[in-house]
Amino acid sequence: MARRTKVEALETRNRLLDAAERLFQAKGVTSTTLGDIATAAGTTRGAVYHHFKDKADLFNAMMERVTLPMEDALAEMAKDAGEQTEPLQSLRQVMLHALHQIAHDERTRRVFEVAMQKVERTDEMRAVHERHVQVLNECQALTRTALREAVHRQGGALSIALPAATLGLHALIDGLIHNWLLEPEAFDLVRIGRQTLDAYLRGLGFELPWTRPAGARAAQGRARSGGVGNAGRRRQAIGEATPTRPPTAQNT
């Protein structure tokens, strides 16, 4: 009986979160009351307070259902950065996976739409803002770790300081998501996201050999081992942008 009660409680909690997602998207967060959410979920206002302290607590729980897997993947990537052959490749994959989830998973898309377009910074939602800042700081710290390790692996010097590179990368991803949510038919989020992300990383001075076809990578390897003297011509031949300068741990 106790186990069934726990299952039922979880089902009620998920119904409340589902209802909150739909109502927040349709009416906005400020215009949606906890009573509205309870009614839409087929339960009572008391049930809402059983699971959540207030609207901000419910909102943060709604966000965490879709963002925690992304945060966990980023944290795992940073933890293993010292052991990964290509920490930059892992970082790139995590960010592209997030874009894919937003573009192709209805719940993820709805929640990001609510977070970016339907919530106001009010006293009632202060905890939401605080949670947002906390997550942003944690994600940027993990990204810096991955970029620093990638710099160490590839050698050279970043074209800008590491903190600025980290901030710019997150601004790029946030901007892509925000613009796509305004008009999803305007561009392919995953394809354009991949192109601009790779252009940004190359602009920082990183090599991205895994983004090229196997034949082009083999040709570059042969050229490096003894054939072609001009590195710029080699990059042009395989369609690779010439970085400003190769990355190192300088400015990290």
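A residue counts as buried here when its relative accessible area is under 20%, as exposed when that area is over 50%, and as partly exposed in between, using a 1.4 Å probe on protein chains only. Phenylalanine 59 is buried by that rule, with a relative accessible area of 3%.

First, some ground rules. What you are looking at is a predicted model, where local features need pLDDT of at least 70 and side-chain atom pairs count only at pLDDT 80 or more, while totals for chains, interfaces and linings use all residues. Residues are numbered from 1 along each chain as its sequence is written, and side-chain values use heavy atoms, with hydrogens and water left out.

Now step back and take in the whole chain. It has eleven helices and zero strands; these are DSSP runs numbered from the N terminus, with helices being H or I of at least four residues and strands being E of at least two. Of the 252 residues, 40% count as buried. A contact means heavy atoms within 4.5 Å. Among contacts between residues at least 6 apart in sequence, 74% join residues at least 24 apart.

Two packed helices are described by the angle between their axes and the distance between the axes. The axes are lines fitted to C-alpha atoms, for helices over the stretch in contact, and the angles run from 0 to 180 degrees between N-to-C directions. Angles under 35 degrees count as roughly parallel, over 145 as roughly antiparallel, 65 to 115 as roughly perpendicular and the rest as oblique.

Take a look at threonine 145, which is found in helix α7. Threonine 145 is partly exposed, at a relative accessible area of 32%. Threonine 145 and alanine 78 are 67 residues apart in sequence, yet 6.1 Å apart in space, C-alpha to C-alpha.

On to helix α5 (residues 87–104), which packs with α4 at an angle of about 175 degrees, with the axes 10 Å apart. So α4 and α5 are roughly antiparallel to each other. Here Met70, Ala73, Leu74 and Met77 of α4 touch Ser90, Leu91, Val94, Ala98 and Gln101 of α5. The residues of this contact divide into seven nonpolar, two polar and no charged.

Back to phenylalanine 59 and its aromatic partner. Rings of Phe, Tyr and Trp (its six-membered ring) pair if their centres lie within 6.5 Å, with planes under 30 degrees apart called stacked, over 60 edge-to-face and the rest tilted. That rule gives one aromatic pair. The rings of phenylalanine 24 and phenylalanine 59 have centres 6.0 Å apart and planes at 45 degrees, so the pair is tilted. Phenylalanine 24 sits in helix α1 (residues 2–27) and phenylalanine 59 in α4, so the pair ties together parts 35 residues apart in sequence. Phenylalanine 24 is buried too, with a relative accessible area of 0%.

Phe24 also turns up among the contacts of lysine 55, along with Val29, Glu124 and others, once neighbours within four places in sequence are left aside. Lysine 55 lies in α4 and counts as buried, at 5% relative accessibility.

Lastly, visit helix α2 (residues 34–41), where the buried residues are Leu34, Ile37, Ala38 and Ala41. Seen down the axis of α2, these fall within an arc of 100 degrees, so they line one face of the helix; the arc is that of the directions from the helix axis to the C-beta atoms. Just after α2, glycine 42 takes a positive phi of about 70 degrees.

How values were computed. Nonpolar A, V, L, I, M, F, W, Y, C, P; charged D, E, K, R; others polar.
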